[in-house]
Number of protein chains: 2
Amino acid sequence: CCFVMSKALLNVGEVEKPAEPAAKQPPETEAAGTCGCNKSCNCTKAAVVFSDLYSTGTQACYLLPAMDSDAKTMTFLQEVVDILLAYIVESFDRDTKVIDFHYPNELLQMNNWELQGEPASLDDILISCRATLKYAIKTAHPRYFNQLSTGLDMVGLAADWLTSTANTNMFTYEVAPVFVLLEYVTLKKMREIIGWPDGRGDGIFSPGGAISNMYAMLLARFKMFPEVKEKGMSSVPRLVAFTSEHSHFSIKKGAAALGIGTESVISAFNYEDVLFVLLQGFVPFFVSATAGTTVYGAFDPLIAISDICKKYNIWMHVDGAWGGSLLMSRRHRWKLDGVERANSVTWNPHKMMSVPLQCSALLVREEGLMQNCNQMHACYLFQQDKHYDLSYDTGDKALQCGRHVDIFKLWLMWRAKGTIGFEAQIDKCLELSEYLYNKIKDREGYEMVFDGKPQHTNVCFWYLPPGIRHMEDKEERKKHLHKVAPVIKARMMEYGTTMVSYQPQGDKVNFFRMVISNPAATFQDIDFLIEEIERLGLDL
Amino acid sequence: CCFVMSKALLNVGEVEKPAEPAAKQPPETEAAGTCGCNKSCNCTKAAVVFSDLYSTGTQACYLLPAMDSDAKTMTFLQEVVDILLAYIVESFDRDTKVIDFHYPNELLQMNNWELQGEPASLDDILISCRATLKYAIKTAHPRYFNQLSTGLDMVGLAADWLTSTANTNMFTYEVAPVFVLLEYVTLKKMREIIGWPDGRGDGIFSPGGAISNMYAMLLARFKMFPEVKEKGMSSVPRLVAFTSEHSHFSIKKGAAALGIGTESVISAFNYEDVLFVLLQGFVPFFVSATAGTTVYGAFDPLIAISDICKKYNIWMHVDGAWGGSLLMSRRHRWKLDGVERANSVTWNPHKMMSVPLQCSALLVREEGLMQNCNQMHACYLFQQDKHYDLSYDTGDKALQCGRHVDIFKLWLMWRAKGTIGFEAQIDKCLELSEYLYNKIKDREGYEMVFDGKPQHTNVCFWYLPPGIRHMEDKEERKKHLHKVAPVIKARMMEYGTTMVSYQPQGDKVNFFRMVISNPAATFQDIDFLIEEIERLGLDL
């Protein structure tokens, strides 16, 4: 059968594999002699032989904090930066591959990745950097559509480099004064955009939307039963959480972790569901409405949900990890009408706003609750007799102790673009997805997975190769169709031309889920994707 | 009273505030005309006026993915890099301040940190970068001893810059092929060092030690009662966890979050404790032994603990967030004897190994358990018909969905130093702390908080200014002493000369907790710290 996933078969077919683009070399930098540049690195690198030099150790000790190593350190870092700059330019170039794909066992052989007892030279370190980037996926590539987080923003990247250099921790103002303030400023701005009066409320940046959602569930439980913190679940009645059918799997993961159990998560929510639960003696404590589901990009009706929550005193959480950013768009924010009635909102700027990974915010309407829920008063961090305003020591709000600085890249990008810049970027992605939808909805060989215009940038569709378009046996056709997307996807990765996700859902066989969050994508890239799917699927 | 924490008082005293070191300017880069350098940025920046340029937008659109913006983008990024390089060199310079401290309300006024609707020019972005670094704490500074994570490794930093540039996610091999392999290689190596046969087992890098510890507790519960995942805590008996008295607060945070409750965490562990719990009908399921407590740096007796765990079939976790790195040292690893008997180990390379933040590993002895405990089979990520070996799609082991790439910086540093390089670095820090201990243990004006030589680099001590050394009234003396460390610390921050942590503990009044993990620190820096404490505390 032609669908067997062997590498040989992926590479042969009716179509020719396009000539591999010539590997771009980073601009040549090893000119003879010392460069006369006036930069801070002093450009002495032309005279440096990295293969004789080591980062640390007693002999040939080279980098800071070694003595007299300032210029040498800068030369080494500049060399790394040159590798990165070349990679960045290459990533945006449509003539380069999105990925130079190799199977895990192949990739393990392609470089010496093992860790050794002895140090490697700085030359080996530079080689390792180049090798790592060679086999990395170019997430900035204009034709990379594989995840909800795509693209690479230059200001965001610069900010992340600065964050790494500052190398500190968010737990106290003492060790992260500026970043703590910027988190404060940015969370307030986000709450204003949600629509909470004067931007009041609380919040935190957490390591991803799944953790933000888990925080929300934790807060909802604590709000209703504060004794759970000390006494555990044995002190509270049996709890029930509601979420929408297509909600993110993190709601169930959270329920499992928090000791609530996945069976207590009901994937439906209306008056009848709540009454049914109440009649059984359970306590409905949490609803997670989804603003932009992962697969279809659908928005739950937040106003209707908030009415039920209000009536039964249930915590209303909005998982806007994917769709929350539409709040930045005057044209699209109506899709989240009612979000201002929520008790908490997850909003991931690392998705639709293209902030470098990770950047996820949980916004909470009630002030002080996070602190009460999570604080343990560790006296080695949160000394009560410090000489500054202790409300800026925000670390005890979190489950994490150390917390990575995720704020600066968002703050600096917001600064660079302004709110209107983010709006324009988001509106453009939605335009591109509408273009894709219009292009394929009546095109021969395509079937849409759900009816009507997508609400977000998610366009879900089947591509039917000519050979199966007119199959009479529906079951046979379905069986074939199920195998089409995986083969096309595998070929995309083999050729490295583009990447888009696929999946089955319920009784629906494998379909493509196209999402657009990449600010580098254009109408031509959408055209290319369609042509590529047809080219790679022609013989299936 | 001289102890009032007003800014005015902090700045006056018997001692003169040293002249502020002249602010170092980043090397001058705006030479007239275009630089003739052959680097990839083309060095055209001398000709660029950033104040007229914007990152995005319709007018003066400047950076990638804008058309013809390769060279311009490189020029901008190079400008940022030059700022960072200058900051790095400055950070290691003992003549610069560790921190240019300002109170939160002051700092809010010192720059325009607000977010606007309109974009700011790239010149403003560069100014924002400089301002952020001006008020940041120099965590690389040789005299920064404030946290368990200090120092800045140049190879680790380069690796983190590369990680930001690659900007991807750890959930699948598909989008992070190299990083997933490197995580595999590194976790295996760490398990070998722990002493598990052939490095077999499981593990994951998580956002910090608190989360790693929480994972361990989650796994322990699931191992004993797998039904808890679906049915929650109402399906299991009342659980009890044990931990050592001085264990990290994350054990209680985890118990609160997981619905176990902080009252079910007993801060003691021996045969009698377990029997007492069993007699009450509770189920002891988890012990967290600490290898290197946060404050004293003490190591629990792992072999004795493992004997009890074995007898009663209790999951043995070792929280080696701080002390785990001593496993790299042939001289000190005996302190963790018995760690190979643990079911799980937390080990944070971002602490004692000076890997940039964050880098925390949870190692697990049993293979497959993490997957079973946490997986939810999201079909949009973990498609079962992909064309490669699915065991490399490790994302479903985690509570997180998206997971930041924390592995590359550790892997590249390990490569650059070799195991022996890490060992030398760790041994040196322990030597420094022994030097400090020997220096002050019999010195006039010092009292040690605990008896005997520290096991880790934690040296805990009181400094008694001359005025209170001979106070007869013990209570009065204690009351005074309690206020000494906070004032000296506040003055350290005002002067910016050094930083070290202090805290109270139980009935012990505020003492200094000195920890050394900074590879840049020397014997002279230890001498300086003592002189500085005496200088700043003389009048108290």
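## Exercises on a two-chain model

B:Pro65 is found in the loop between helix H1 (7-11) and H2 of chain B; helices (H or I, at least four residues) and strands (E, at least two) are DSSP runs, numbered from the N terminus. This is a predicted model, in which local features need pLDDT of at least 70 and side-chain atom pairs count only at pLDDT 80 or more, while totals for chains, interfaces and linings use all residues. Residues are numbered from 1 along each chain as its sequence is written, chains are lettered from A and ligands numbered from 1 in the order in which they are written, and side-chain values use heavy atoms, with hydrogens and water left out.

**Exercise 1.** Find out which kind of peptide bond joins B:Leu64 and B:Pro65, then look at A:Leu64 and A:Pro65.

*Solution.* Start in chain B: the bond from B:Leu64 to B:Pro65 is cis, with omega about 10 degrees. Now move to chain A, where A:Leu64 and A:Pro65 are joined by a cis peptide bond with omega about 10 degrees. To place A:Pro65, go to the loop between helix H1 (7-11) and helix H2 (70-91) of chain A.

**Exercise 2.** Locate A:Lys351 and decide whether this residue is buried or exposed.

*Solution.* First, go to the loop between strand S7 (344-347) and strand S8 (360-364) of chain A, which holds A:Lys351. Next, check its accessibility: A:Lys351 counts as buried because its relative accessible area is 14% (buried means under 20%, exposed over 50%, partly exposed in between, with a 1.4 Å probe and protein chains only). Then list its partners, leaving aside neighbours within four places in sequence: A:Leu148, A:Ser149, A:Ala321, A:Trp322 and A:Ser517 are in contact with A:Lys351 (heavy atoms within 4.5 Å). Finally, consult the record: an unreviewed UniProt entry annotates A:Lys351 as "modified residue: N6-(pyridoxal phosphate)lysine". UniProt positions are given in the numbering used here, feature names are shortened, and annotations may be inferred rather than shown by experiment.

**Exercise 3.** Describe the backbone and burial of A:Ser354 and of A:Asn167.

*Solution.* Take A:Ser354 first, in the loop between S7 and S8 of chain A. Its phi is near 60 degrees, a positive value in a residue other than glycine. With a relative accessible area of 2%, A:Ser354 is buried. Then turn to A:Asn167, in the loop between helix H5 (154-166) and helix H6 (177-194) of chain A. Phi of A:Asn167 is also positive, near 40 degrees. A:Asn167 is buried too, at 8% relative accessible area.
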